[in-house]
Amino acid sequence: MFARAAPVFPVGDVNVAVKWYVNKLGFTPVHVNADLSGEANYAIVRLGDVEIHLLQNGFEGEPVRSPAEAMFTMRGSIDDVDELCKHCVESGLVFLRELADQPWGARDFTVLDPDGNRIWIAVSSRD
């Protein structure tokens, strides 16, 4: 059985991405891997039970990856997702989809990180 999942987002600059996730969404860096020159090539940031792995795009000759997408389901109430959305607006985040009620019982929105990775944030009224 799987215990959890952690999305891997391709990024152009790992240090820039870590700073963005820390400053804009409140994540904490838990690991930053650097090559011999000291250039960061991989990092893990965490917020609550959620981890996002940030991989330098094209690292070690791997193909350049397209932006990724991951859904993060919040625990709590509709008010919690509204407050987080308000924080995202105030922080100047780029929205792909505005906050909306969905027919399947969720209230959600999607923002983009600086590398175009899609962060889909939702709370379900059924939880």
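Biologist: Which residue in E3 is the bridge partner of histidine 31?

Modeller: In E3, histidine 31 has isoleucine 44 as its bridge partner. One caution before we go on: this is a predicted model, in which local features need pLDDT of at least 70 and side-chain atom pairs count only at pLDDT 80 or more, while totals for chains, interfaces and linings use all residues. Residues are numbered from 1 along each chain as its sequence is written, and side-chain values use heavy atoms, with hydrogens and water left out.

Biologist: What makes E2 and E3 a pair of strands?

Modeller: Two strands pair if DSSP finds at least two bridges between them. Strand E2 (residues 28-34) and strand E3 (residues 40-47) have 6 bridges and run antiparallel, so they pass that test. The names come from DSSP runs, numbered from the N terminus: a helix is H or I over at least four residues, a strand is E over at least two. The hairpin of E2 and E3 has 5 residues between the strands, and glycine 38 there takes a positive phi near 90 degrees.

Biologist: Why are E1 and E2 said to stand at the edges?

Modeller: The open sheet has 4 strands in the order E1-E4-E3-E2, with mixed pairing. E1 (8-11) and E2 each have a single partner strand, so one side of each is left without a neighbour in the sheet. Neighbouring strands are turned by 20 degrees against each other on average, direction ignored. That angle is between axes, which are lines fitted to C-alpha atoms (for helices over the stretch in contact); angles run from 0 to 180 degrees between N-to-C directions.

Biologist: How do E1 and E4 run, parallel or antiparallel?

Modeller: Parallel: 4 bridges join E1 to strand E4 (residues 50-56).

Biologist: Why is cysteine 88 called buried?

Modeller: Buried means under 20% relative accessible area, exposed means over 50%, and partly exposed is in between (1.4 Å probe, protein chains only). Cysteine 88 has 0% relative accessibility, so it counts as buried. Cysteine 85, at 7%, is buried as well.

Biologist: What puts the buried residues of H2 on the same side?

Modeller: In H2, Val81, Cys85 and Cys88 are buried. They cover an arc of only 55 degrees around the axis, so they sit on the same side of H2; the arc is that of the directions from the helix axis to the C-beta atoms. Asp79, Glu83 and Glu90 are exposed on the other side. The buried residues of H2 pack against H1, E6, E7 and E8, where contact means heavy atoms within 4.5 Å.

Biologist: How do you know that the span of H1 agrees with its 12 residues?

Modeller: The expected span is 1.5 Å times one less than the number of residues. For H1 that should be 16 Å, and the end C-alpha atoms are 16 Å apart, so the two agree. Helix H1 (residues 14-25) lies across E1, E2, E3 and E4, at about 15 degrees to E3.

Biologist: Which residues of H1 are buried?

Modeller: Val14, Ala17, Val18, Trp20, Tyr21 and Leu25 are the buried ones. They cover an arc of only 160 degrees around the axis, which puts them on the same side of H1. Lys19 and Asn23 are exposed on the other side.

Biologist: What does valine 14 touch?

Modeller: Leaving out residues up to four places away in sequence, valine 14 touches Ala40, Asn41, Tyr42, Ala43, Leu54, Leu55 and Gln56. Valine 14 and asparagine 41 are 27 residues apart in sequence, yet 6.0 Å apart in space, C-alpha to C-alpha.

Biologist: Why does asparagine 117 count as buried?

Modeller: Its relative accessibility is 0%, so asparagine 117 counts as buried. Asparagine 117 lies in the loop between strand E7 (106-112) and strand E8 (118-124). Its contacts beyond four places in sequence include Phe9, Pro10 and Val11.
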